[in-house]
Amino acid sequence: MTLRVLAVASEMSPLVKTGGLADVVGALPGALANEGVETRTLVPGFPEVLHALGAGETVLSFDDLFGGPAWVHAGRLHEAIVYTLIAPHLYARTGGPYTDAQGIDYPDNAFRFAALAWVGAQIAQGALADFAPDVLHAHDWQAALAPAYSHYSGKPRPATVVTIHNIAFQGQFPKELLAPLRLPPASFRMEGVEYYGSIGFLKAGLQLCDRITTVSPSYAQEIETPEFGMGLDGLLRARAEIVNGILNGADENVWNPATDTRIVARYDASTLSVRTENRTALQKRMHLDADPDAFLLGVVSRMSWQKGHDMLLANLPSMMARHSQLALIGAGEKHLEESFLAAQEAYPGRVAVWIGYSENMAHLIQAGADAFLVPSRFEPCGLTQLYALRYGAVPIVSRVGGLKDTIIDANDMALQAGVATGFQFSPPTAETLAVALCKAQGVFKDKKTWRKMQSNGMGADVSWRHPARRYAALYREAIAARS
Ligand code: ADP
């Protein structure tokens, strides 16, 4: 029997993306279809989403959704139906999905995402004649009130699942918003939406849903500790029985070096030498010296404390002394952007920094860099190291969360057994990163071993097949638990 799932999320690749959440939400409908699950996804009608989807059919409308009229359009992305919540007073803005052009959070984010969750709950509970979901799947804090709205509605509801893509973002708002957010007075308690005296969107979802997932087994364990749980570890320990870690996959339709039209030359594990053309193109496009022997490190990332770029900065002088190059694309915290731009000045032709966002450049870095660096302090899953595996850029990663679960460290045993796919360092500090960088560069000089590591990575199954099966099983379990 086909299972019907309503996914609710604030990002969906390629419609709107600021990070990994979008990639996952974009890939799941296709991956789940193979498991007998029909996934329809509700996303906010941000300008870029409306532009990409074009005119749709209105399937639902609301006279007043937190301060203005709103309606839901049904459209299609590939094979899957996407519902767009059109609410100009909430989403028709010139900045990003969450912040204005200056990077400041929109002051009404509580309403912007409560609206998404509220409409998600309506659809989950039968507002559409032709779609009665068996499961409501809310992604991250922006959607996490959906299970809470269904819970408090008092009406029959489907099974509910909340996925944590990053517990650092929780959506916490003043308690005075309780009634304006259409939450009943009785919901303001520890067993409900109350969170350290405020309203916690993610907390509410985690408290009131039937199943919790996060994006790797190691992160599932980590967030049950005070060090990584960011205030929610107690709740997660109390609900440990329903917490599941399901690794993300890489969307093979988007991240496949054999078919990728964003890169210069296509290749697979049997034609690895073709990769050099991408390497040369990357050096040229980023104004790096055309040096065939330098150890070329790639980085594609948001710039934030989480991602550990300060550790990379600390290592730049020694890296440069050792015949390395760096190609980095990213944007985020200003002080990090400025430090990398200063490094580019200091090491012309050796350090190339692109501040901004470019899907094309992200793909070319994966296809051209020798090694790919992810030095995160914490990492729920991490997608860029999966893409690096696919593209033969050997990952160098900190041993946390999903990085720990997806990379086989090149320790002596793994090297001897010929199974290593990358380099891990722990704990995440500039010093341990220095050791990993030295070690990686040493192996890089041993071309045979390096090539073996590249082809190991390219042969690893990082597809959505296995994760999709796990999600499908989890949905069925959540439904069974309710009946
Ligand atoms: P997070 O979601 O924490 O940002 P992930 O590794 O899970 O980290 O996902 C990041 C996604 O965003 C990847 O698809 C990566 O390629 C992409 N990305 C990050 N920064 C940029 C950028 N500056 N330009 C293009 N793509 C980027």
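Predicted model: local features only at pLDDT ≥ 70, side-chain atom pairs only at ≥ 80, totals over all residues.
Local features rest on pLDDT of at least 70 and side-chain atom pairs on pLDDT 80 or more, while totals for chains, interfaces and linings use all residues. Residues are numbered from 1 along each chain as its sequence is written, and side-chain values use heavy atoms, without hydrogens and water.

**Nonpolar cores**

A nonpolar core is a set of buried Ala, Val, Leu, Ile, Met, Phe, Trp, Tyr and Cys residues joined through side-chain atoms within 4.5 Å; buried means under 20% relative accessible area with a 1.4 Å probe, protein chains only. The largest core has 80 residues, and Tyr83, Tyr149 and Leu181 have the most contacts inside it. Helix H4 (residues 109-124) gives the most to this core, with 12 residues. Helices are DSSP runs of H or I with at least four residues, strands runs of E with at least two, numbered from the N terminus. A second, separate core has 53 residues, including Leu3, Leu32, Leu282 and Met286.

Beyond its neighbours within four places in sequence, Tyr149 is in contact (heavy atoms within 4.5 Å) with Phe66, Ala114, Ala117, Trp118, Ala121, Gln125, Leu181, Arg182 and Leu183.

**Pocket and cavity**

On a 1 Å grid over the protein atoms alone, a cavity is a set of points where a 1.4 Å probe fits but cannot get out, and a pocket is an open set with protein on both sides within 12 Å along at least five of seven lines; lining residues have an atom within 4 Å of a point. The model has 3 cavities of 30 Å³ or more.

Of the 36 residues lining the second largest pocket, Gly26, Ala27, Gly30, Asp251 and Asn253 are the closest to its centre. H1 gives the most to this lining, with 7 residues. Helix H1 (20-33), strands S2 (37-44), S4 (70-77) and S5 (80-86), and helix H20 (465-482) each supply at least two residues.

The lining of the largest cavity includes Val49, Leu50, His73, Thr84 and Ile86. Helix H2 (47-53), S4 and S5 each give two or more residues to that lining.

**Helix H18**

H18 (residues 430-445) has 16 residues and spans 23 Å from first to last C-alpha, close to the expected 22 Å, taken as 1.5 Å times one less than the number of residues. Its buried residues are Thr432, Leu433, Ala436, Leu437, Ala440, Gln441, Val443 and Phe444.

Key
Buried < 20%, exposed > 50% of the residue type's maximum accessible area, 1.4 Å probe, protein only. Points joined across faces, edges and corners; volume = space filled by probe spheres on them.
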